[in-house]
Amino acid sequence: MTAETEARVERRAALGVRDRWWCIGPSSLVGSQAVGLTRLGIKLAAWRDKTGKVNMVEDYCPHRGAPLSMGHLTDGRLGCRYHGVEVAGDGSVAAVPGFPECSYVGRKMVRSYPVVEHFQGLWAWFGANDQLESAIEPPPLVFPSEFTSPEWTGFPISQTWQTNYQYVWDNVIDIMHPEYLHKDTQYFETGVANTVVATPAPTGFMVRRKIYEGDNVEIMEFIDNGSFWFRVGFYAPPGCGPGGNWRVFPLATPIDEYHCQMTVWRMRNVSGWEGDLFRFMFNTKLEQYNWAIVQEDKEMLEAMPPWPARENLYQHDIGPARLRKHVRDEARKQCA
Ligand code: FES
Ligand SMILES: [Fe+2]
């Protein structure tokens, strides 16, 4: 592989592998006004149409390049603020009000990104090529079982972090960091010698500590099933109410090389009145507890050097090492 290809692979890795569904944030991100956002280094405009469906297109007017997100909505179409050209959710020009006979009307001229909304979150399909259409038809978005089972209740929390998302991915598959970084919030004993074991899972892999005693982490898993997921299970002290261990899905999506959007689902195995209780407790106290843990990660990861750091890995880093290899293998397929 040439140095030039290798540089392209690293850049693709730094901005996110394509041909995947990526979580772009919680449902509340997009309302009835157009909003501009950047994901995977791409400037995007998103809005809800009259039915509430979320549309997302490149934030680039086909006329002369003005940001469509500065525009206004008319009957679910996004009108450019500069000269009024209207774009539909599929990226076609719906109207040129000032010049109705314009031949652009009816033509797809802006890239559109299919969006799926589920469990208070939004996912968009990012195809590998940069043409008007994705080269492949997006496969169905497959959710982890907790996202579709009525036995689970959960909420997303979301925040922009000033760090490359790869630091976050390393962090959420790094089973040896909680006992140091989260010592005070997650009740760990520190200083216990241990090793990390990685085992393959159907569409990813899991890590665990070889010595289990005192382990507050129940599950740590990476999944690539057409979308990227991290499943982390950890001990919930009695004050957290019903539902057993926390099951957390921390999803970090690149904004650009230096920022990412962190959307974290906090879940418990509760339904019915227990689900209501969990919802109430989450709003009144548990959300703060969860933020306290997440802020410890945020503070550390925002203090890291610009990606990539100068490193000397050791045995405990097999999770991040495996993850980075997977990302580069996938990026290489898209940069050949
Ligand atoms: S740049 Fe958008 S209508 Fe002219
Ligand atoms: Fe952490």
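**Exercise 1.** Does F126 count as buried or exposed, judged by its C-beta neighbours inside 10 Å?

*Solution.* The structure is a predicted model, in which local features need pLDDT of at least 70 and side-chain atom pairs count only at pLDDT 80 or more, while totals for chains, interfaces and linings use all residues. Residues are numbered from 1 along each chain as its sequence is written, and chains are lettered from A and ligands numbered from 1 in the order in which they are written.

Step 1. State the criterion: a residue is buried if 20 or more other C-beta atoms, placed from the backbone, lie within 10 Å of its own, exposed if 12 or fewer, and partly exposed in between.

Step 2. Apply the criterion: F126 has 22 C-beta neighbours inside 10 Å and therefore counts as buried.

Step 3. Strands (E, at least two residues) and helices (H or I, at least four) are DSSP runs, numbered from the N terminus.

Step 4. List its contacts, a contact being a pair of residues whose C-beta atoms, placed from the backbone, lie within 7 Å. Setting aside residues up to four places away in sequence, F126 touches R18, R20, W22, L40 and Y113. The C-alpha atoms of F126 and W22 are 7.4 Å apart, although 104 residues separate the two in sequence.

**Exercise 2.** Classify Y258 and describe its surroundings.

*Solution.* Step 1. Y258 counts as partly exposed because it has 14 C-beta neighbours inside 10 Å.

Step 1. Y258 lies in the loop between β16 and β17 (259-268).

Step 2. Residues up to four places away in sequence are not counted, and Y258 then touches Q162 and N164. Its C-alpha is separated by 9.0 Å from that of A14, 244 residues apart along the chain.

**Exercise 3.** Describe helix α1 and what covers it.

*Solution.* Step 1. Helix α1 (residues 3-15) has 13 residues and reaches 18 Å from its first C-alpha to its last, close to the 18 Å expected at 1.5 Å a residue; the expected span is 1.5 Å times one less than the number of residues.

Step 1. The buried residues in α1 are V9, R12, A13 and L15. Their cover includes α2 (165-172), β16 (246-256) and α6 (318-334).

Step 2. After α1 comes G16, with a positive phi near 105 degrees.

**Exercise 4.** Trace the pairing of strands β13, β14 and β15.

*Solution.* Step 1. Two strands pair if DSSP finds at least two bridges between them. Strand β13 (residues 204-209) runs antiparallel to β14 (residues 217-224), joined by three bridges; I223 in β14 is the bridge partner of G204.

Step 1. Seven bridges join β14 to the antiparallel strand β15 (residues 228-234), and V217 stands opposite F234 in β15.

Step 2. β14 and β15 form a hairpin with three residues between them, and G226 in the turn has a positive phi of about 100 degrees.

Methods
Contact = placed C-beta atoms within 7 Å.
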